[in-house]
Amino acid sequence: MKLILENWRKFLSEDEVLVEKCWDGYRQAGLKKKGDRMVPNCVPIGENMNEAEADYFPWLQQLRDDPTKFIEDQQDKGGRVGAGSFRTVVVPEEDKDFVVKILRFSERESFMNKVEKLLGDQYPDVFPRVFAHDPDYRWIVMDRVQPISTRNEELLVEAMVATMPKLYEYAYDLLSLDDGMPSSDTKPFALFNYIVMAAAPRLRPTELPYGDNTRRMERISKIQEFGLANEPWFTQLSKAMKRYGVQWNDLAEGNVGIDMKDSTLKIIDASVFSDISGEENWNEGIEREILMEKCWPGYEKKGMKKMFG
């Protein structure tokens, strides 16, 4: 990385460098030679970026040094800042194609960031990629995905059609009324709920809503069989659920989104709520003892306190 930065400074000092910006939808990944001069090497946003290249983010060092100050500065600059139960989410004003997730309270929840890094690496078609992270996973930098809710649920249809067209058509026909007309189950989020239930390993009828669960389980089984045979995205989601304990009933409004570059469906929040869930021992290296936790930059430890449970 030092060599990359040294070369970068050298390029900036040379007269041969052509100063120009990349087109919309592209980012600069170093320089390349064009004739007798150096020009920006522009690649599509999100393509072939690795953790070393993430150092080009102008705000990354501040995030590393002081996450709390980073949040405050982004708010002052007009960056989008929101918060969930466990993490603060920031869309940097300087790089709106990326999102930063920062733990709000305890390092005990760091496994939530780590599992999203692992899922993005292993199943990049299903989960957004993570390009930089804190050594203790107190924060991660990942691709930004447009969240989908009931207010823009037409995007969910667009994403399902782009991502798993055969399964969407099959499930829509299966869940329609006997005369072929749409039903309440063919509404976007209701249909997607059937798909995630079908992807879930060892789904039990007791987990389902009230109603005719015998018929519901028959439909779920048919969708599962068809999805595993015809749609790679569905298969990857099912594997991720089994290996890492992704909770099917949390893959709903606000936790799914659409990648605006190609209209494909992405799971925004991995919905893994335990560091020992799933079949893999994926959380090695993260200390789970509260006595080992560190205070945030600018804070000092004064005794102990109880958080939850």
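The legends below describe close-up views of one predicted protein model.

In this model, local features need pLDDT of at least 70 and side-chain atom pairs count only at pLDDT 80 or more, whereas totals for chains, interfaces and linings use all residues. Residues are numbered from 1 along each chain as its sequence is written, and side-chain values use heavy atoms, with hydrogens and water left out.

Figure 1. The secondary structure comes to 9 helices and 10 strands. Helices (H or I, at least four residues) and strands (E, at least two) are DSSP runs, numbered from the N terminus. Of the 309 residues, 43% count as buried, where buried means under 20% relative accessible area, exposed over 50%, and partly exposed in between (1.4 Å probe, protein chains only). Among contacts between residues at least 6 apart in sequence, 57% join residues at least 24 apart; a contact means heavy atoms within 4.5 Å.

**Figure 2. The open sheet of β8, β9 and β10.** Three strands form this sheet in the order β8-β9-β10, and the pairing is antiparallel. β8 and β10 stand at the edges with a single partner strand each, so one side of each is left without a neighbour in the sheet. Two strands pair if DSSP finds at least two bridges between them. Strand β8 (residues 146-147) is joined to β9 by 2 bridges: Gln-146 has Ile-258 as its bridge partner in β9, and Pro-147 has Gly-257. Between β9 and β10 there are 4 bridges, and Gly-257 has Lys-266 as its bridge partner in β10.

**Figure 3. The two faces of β9 and the helix across the sheet.** Both faces of β9 are covered. On one side Val-256 and Ile-258 are buried, and on the other Gly-257 and Asp-259 are buried. Helix α5 (residues 154-163) lies across β8, β9 and β10 and runs at about 105° to β10. For such angles, axes are lines fitted to C-alpha atoms, for helices over the stretch in contact, and the angles run from 0 to 180 degrees between N-to-C directions.

**Figure 4. Ser-263 in the hairpin of β9 and β10.** The hairpin has 4 residues between its strands. Ser-263 is placed in the loop between β9 (256-259) and β10 (264-267). Its phi is near 65°, a positive value in a residue other than glycine.

Figure 5. The structure holds 1 cavity of 30 Å³ or more, and the largest cavity has a volume of about 40 Å³. On a 1 Å grid over the protein atoms alone, a cavity is a set of points where a 1.4 Å probe fits but cannot get out, and a pocket is an open set with protein on both sides within 12 Å along at least five of seven lines; lining residues have an atom within 4 Å of a point. Grid points are joined across faces, edges and corners, and a volume is the space filled by probe spheres set on the points. Helix α4 (residues 110-122) gives the most to the lining of the largest cavity, with 3 residues. The lining includes Arg-87, Met-112, Asp-269 and Ser-271. Ser-271, in the segment after β10, has a positive phi near 55° and counts as buried at 1% relative accessibility.

**Figure 6. The largest pocket and its lining.** About 890 Å³ of space lies in the largest pocket. Of the 35 residues that line this pocket, the closest to its centre are Val-89, Val-99, Val-145, Pro-147 and Ile-268. The lining divides into 17 nonpolar, 7 polar and 11 charged residues; Ala, Val, Leu, Ile, Met, Phe, Trp, Tyr, Cys and Pro count as nonpolar, Asp, Glu, Lys and Arg as charged, and the others, Gly among them, as polar. Strands that each supply at least two residues of the lining include β3 (80-83), β4 (87-91) and β5 (98-103).

**Figure 7. Helix α3 and its covering elements.** In helix α3 (residues 67-77), the buried residues are Pro-67, Phe-70, Ile-71, Asp-73 and Gln-74. The elements that cover these buried residues include α2 (60-65), β3, β4, β5 and β7. After α3 comes Gly-78, whose phi is positive, near 100°.

**Figure 8. Lys-117 in helix α4.** Lys-117 lies in helix α4 and counts as buried at 10% relative accessibility. From C-alpha to C-alpha, Lys-117 and Ala-132 are 8.9 Å apart in space, while in sequence they are 15 residues apart.
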